[in-house]
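Student: I would like to check a few structural labels against their definitions. Shall we start?

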Amino acid sequence: MVHGYRKRGLPGPCLSRPAWRAGTCLAPEDSRWAMAAVAEGLEPETAAVEDAARDATDAADAGLGAPPLLVGNRLSLDLYPRGCHRLLHLCAQQVRQLLEVEFLRLSGHEDPQLLQATLARLPWSLPRLRSLVLKGGQHRDALGACLRGSLATLPASLSGLAHLAHLDLSFNSLETLPACVPQLCGLGALLLSHNCLSELPEALGALPALTFLAATHNRLQTLPTALGSLSTLQRLDLSENLLDALPPEIGGLSSLAELNLASNRLQGLPASLAGLRSLRLLVLHSNLLASVPAGLARLPLLTRLDLRDNQLQDVPPELLDAPFVRLQGNPLGGPSPAPHSPPGTPVVPEMPRLLLTSDLDSFAVTPLGCSVTLACGVRLQFPVGATATPVTVRYRLWLPEPRLVPLGPHDSLLSGVLELQPHGVAFQKEVGLWLLFVPPRARRCREVVVRTLSDNSWSDLETHLEEEAPKRLWARCQVPHFSWFLVVSRPVSDACLVPPEGTLLCSSGHPGVKVTFPPGATEEPRHVRMQVVRVGSRELPALLGEPEAATSPLLYLSQSGPPSFLRPVTVQLPLPPGVTGLSLDRSHLHLLYRAPPAATWDDITAQVALELTHLYARFQVTRFSWYWLWYTTKTCVGGLARKAWERLRLHRVNLIALQRRRDPEQVLLQCLPRNKVDSTLRRLLERYRGPEPSDTVEMFEGEKFFAAFERGIDVDADRPDCVEGRVCFVFYSHLKNLKEVYVTTTLDRRAQAVRGQVSFYRGEVPEEVPEEAGAARQKRGADAPWMATLPIKLPRLRGSEGPGQGAGLSLAPLNLGDAETGFLTQSNLLNVAGRLGPDWPAVALHLGLPYRELQRIRHEFRDDLDGQIRHMLFSWAERQAGQPGAVGLLVQALEQSDRRDVAEEVRAVLELGRRKYQEGIQRTSLAPGDLGPSGSSASQSAEPAQA
């Protein structure tokens, strides 16, 4: 046994895992699922107990095999078939080791009478029991929702468990709290979530040691006044109930640090809440609050007050400006609510509101509709009647990549890629969708739209913008079905329907740009779209070295239907700046034309009749594409136009490579716009150090590049974005092109420091990459793949430091997660433990570990920081093994502790696991091939997407 971990010998999967230690807190996922249940419980009769014991004895005599279930002081039977039979079998054999058991897990899906009989024997068979978990939820219905267990009551004899400190009855069928529970005087944590409790008894106030109480997803309408006498209570979670008021006595919870009352029906709050001087977290979102006490702003330890999605029209000034208050979704400053309906008026049920946490990726939509806020910030609103039958909606936020991001030549990506499933399901009413996006840097003559995949082609939806804060913008649209969605910035698009009688189309951003369709240009109505791109006045003279050179705006025309019009269409473009029709030299004026997918520009001046006025040039065409007017003394302008067009789409960036000061093996790689380098470095250099940024390089939106570690340094993780040790990137000018990786070396760092480097190359990872960037640098040119090389130094190791310091660990086999969402293995957790360093206490607290357990770990491993970290992380992981949402909780805790670097690494490991799992399924022909849009559809990004 090393560092307090026991090596197990369980056959098959690791099912024996400890329950929560005495006084520890409920894992947050236990308070997030949604279900409730039925049935009043009756104590088992004596005959039932005797019959069950006799059956177990008979089974033992008949040779009922049982694996070695007992491991130390833990007995986990919740995932074994016939767990109660196995426990009774052990009791019948009078196994002496049962007297040492402190942690017991049983499933709530057992036969009710057998479960009652088994529980009735616990005070005599397991007298030292400290933690009892009787959860349901291990079984799921056809839609994947957790099913409640059959437990409806507890035997009275259970009150004889004098040492019991942790009791978990979640996901069962309790309608009333069993009478034996308030008699468990040593109880520190009581978990009652996902039952059918309509009230809590006054006797609950007689639990003097209770520190944590969770009763989420029940039917509570009132709270007992005796609740206020729980002076030791630190965490209280009553979210997802039917509470419309709180008793004033709740102000007596002097030790309360966290209070969650979200998703109830509260219309007001008692003034006594302002007396909770220990309160740090108060969650009240999704209620009906019209006012809040001003005294909440004076709570000395309060760090977060969540008042989102209430009916607040006005709040006290002290709260309005407080940085810890969240007020989104309130009608602040709005009109007073409508008066109550007269008696007899039918009551229209309020639309359900859901706020998903990071461990949930699906939700159910009923014909009643609902309003949903996803963990990633996306909002959806399903109106009443949007679906005739219940539908389970799944979502996923994809990292952007060219396969999923169709961009036109002058488009910019402003968000990640949201996938909503099931694909193609048509709703009877359009669903509202709100997507967060990064504010575009250029807004003149540009617009923000939501782009989606429909019928194997990308189109732009009618989009409305909503500003919640200066840097918090929403793109709102109505969607008829689910697919992939992203937010892009594009040149303003003007469109019209051209009838056979003809029409006129003008640019809203450039009034001088017009297209005239004569009568008879088309037999059937056609949709026509126009985009105009402004060209900087300094770009062309600098490129040509000719001060007098000038160009008109770029014009792009597209249309549906046959490629040609029946009669010529007249196009009007403004002459280049500084040029008039009366003074220009016609030999210097060139009309250029580009037909995708070709990248060349052709001079068609001699093929059209240019009509010049004082300010404009007009010409006639029958096909639509790109048009551009140039005024220059150069004669062969096609190649110059291609270079100028590329220059318009290039972004000037710098590359940086920094190492974390307290962990040099952690390397931050980022591609930054040139104007953001200084401000970003000022912020990063408090925690990182490294060389100066690279020289300025130019990149296209959506261009691929990769970073290669060289001279003895390699990537220390198997990542989905890493190919042969090369870290892949895709550049998007408005998004954070940042990745943090951990590096290692095969060289001996005990002898001397390792001086390596990281080089950046354009394109995808080739089969062979130069070991050093020197050869590539010598060939540097316009089309050379090499962009920059920056030094990386791994310092010399001293004393007992070294990558093998945990090599001798002997830990229990462990997997967090599942095959579809991805696993975290023992090796993955060791890597996470090796990255945390002094930040581990913050991570532990966000994982729900009580402070006294942190103190115990510090004392037991007071001279071993690595031992502290590993003990904390693995003891938590063993308690969470097999639990839904455990990995999501870990990622959330890392982010809340400002360790997003480690959180991103965990996400990368999960993504790699999911990818390998899907590839395995596809190889065995168990699933369709592609998870994302087909390549043919996604590749339609050479030109702007058409609505």
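Student: What makes helix H13 mostly covered?

Tutor: This is a predicted model. In H13, 14 of the 16 residues are buried. Buried means under 20% relative accessible area, so H13 counts as mostly covered.

Student: How do you know what span to expect for H13 (residues 865-880)?

Tutor: The expected span is 1.5 Å times one less than the number of residues. H13 has 16 residues, so 22 Å is expected. From first C-alpha to last, H13 reaches 23 Å, close to that value.

Student: Why are strands S41 and S44 called paired?

Tutor: Pairing needs at least two bridges. Strand S41 (residues 704-710) and strand S44 (residues 726-730) share 5 bridges, so they pair, in the antiparallel sense. Ala-707 stands opposite Val-727 in S44.

Student: Which sheet holds S41 and S44?

Tutor: An open sheet of 5 strands, in the order S43-S44-S41-S46-S47, with antiparallel pairing.

Student: What makes S43 and S47 edge strands?

Tutor: Strand S43 (722-723) and strand S47 (786-794) each pair on one side only.

Student: Which residues have the most contacts inside the largest nonpolar core?

Tutor: Leu-87, Leu-104, Leu-122, Leu-192 and Leu-305, in a core of 76 residues. Helix H2 (83-92) and helix H3 (112-120) each supply at least two of its residues. H2 gives the most, with 5 residues.

Student: Which other core lies apart from that one?

Tutor: A core of 33 residues, among them Leu-505, Leu-589, Phe-619 and Leu-629.

Key:
Residues numbered from 1 in each chain as written. Predicted model: local features only at pLDDT ≥ 70, side-chain atom pairs only at ≥ 80, totals over all residues. Heavy atoms only, no water. Helix = DSSP H or I, 4+ residues; strand = E, 2+ residues; numbered from the N terminus. Core = buried A, V, L, I, M, F, W, Y, C linked by side-chain atoms within 4.5 Å. Buried < 20%, exposed > 50% of the residue type's maximum accessible area, 1.4 Å probe, protein only.
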